[in-house]
Amino acid sequence: MRTPTKEDLDAHERLKAELRIRGTSLAQISRELGVSDSALTLVGKRMCRSKRIEKALARAMGMPPEELFPACEEEGATMT
């Protein structure tokens with residue numbers, strides 16, 4: 001698992017705020033996916049990767065996953 005940078009943590013806070021503006025939350029998306037809240041937090045902070053969670057978050061944000069989660073040099077662990 002990779003350690004999040006300040007930029008990762010800032011991006012996670014912006015993600016949470018934007019989700020609230022759009023009328024949803026990490027908790028609601030986790031319930032819809034049937035995964036834990038912490039799984040979404042790990043992906044949101046770029047500590048782990050999960051294509052399924054990344055797609056769900058990007059869909060909620062109205063953007064492609066590649067835009068919300070650009071490839072980074074130090075990849076996190078992958079969750080299924």
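**One residue and its surroundings**

A: Leaving out neighbours within four places in sequence, Thr24 contacts Leu19, Ile29 and Ala60. Contact here means heavy atoms within 4.5 Å. The model is predicted, so local features need pLDDT of at least 70 and side-chain atom pairs pLDDT 80 or more, while totals for chains, interfaces and linings use all residues. Residues are numbered from 1 along each chain as its sequence is written, and side-chain values use heavy atoms, without hydrogens or water.

Thr24 sits in the loop between helix 1 and helix 2. Helices are DSSP runs of H or I with at least four residues, strands are E runs with at least two, and both are numbered from the N terminus. The cut-offs are under 20% for buried, over 50% for exposed and partly exposed in between, with a 1.4 Å probe and protein chains only.

Follow the contact to Ile29. Setting aside neighbours within four places, Ile29 touches Leu19, Thr24, Leu40, Ala56, Leu57 and Ala60. Ile29 also belongs to the largest nonpolar core, which has 15 residues. Such a core is a set of buried Ala, Val, Leu, Ile, Met, Phe, Trp, Tyr and Cys residues joined through side-chain atoms within 4.5 Å. The members that touch the most others are Leu15, Leu19, Ile29, Ile53, Leu57 and Leu68. Helix 1, helix 2, helix 3 and helix 4 each give two or more residues to this core. Helix 4 gives the most, with 5.

Now helix 2 against helix 3. Leu26, Ala27, Ile29 and Ser30 of helix 2 meet Asp37, Leu40 and Thr41 of helix 3. Two packed helices are described by the angle between their axes and the distance between the axes. For helix 2 and helix 3, the axes come within 8 Å and cross at roughly 115°. Axes are lines fitted to C-alpha atoms over the stretch in contact, and angles run from 0 to 180 degrees between N-to-C directions. The crossing of helix 2 and helix 3 is right-handed: the near helix is turned clockwise from the far one by less than a right angle.

Helix 3 covers residues 37–44, and its buried residues are Ala39, Leu40, Val43 and Gly44. They lie on the same side of helix 3, because they cover an arc of only 130° around the axis. The arc is taken from the directions from the helix axis to the C-beta atoms. Their cover includes helix 1 (6–21), helix 2 (26–33), strand 1 (48–49) and helix 4.

Val43 leads on to helix 4. Glu54 lies in helix 4 (residues 51–61). Apart from residues up to four places away, Glu54 touches Val43, Arg49, Pro65 and Phe69. Glu54 has 6% relative accessibility, so it counts as buried.

One more loop residue deserves a look. Arg46 lies between helix 3 and strand 1. Most residues other than glycine have a negative phi. Arg46, which is not glycine, has a positive phi near 65°. Arg46 is buried too, with a relative accessible area of 15%.

Finally, the whole chain. Its 5 helices and 2 strands follow the pattern α-α-α-β-α-α-β. Of its 80 residues, 36% are buried. Among contacts between residues at least 6 apart in sequence, 58% join residues at least 24 apart.
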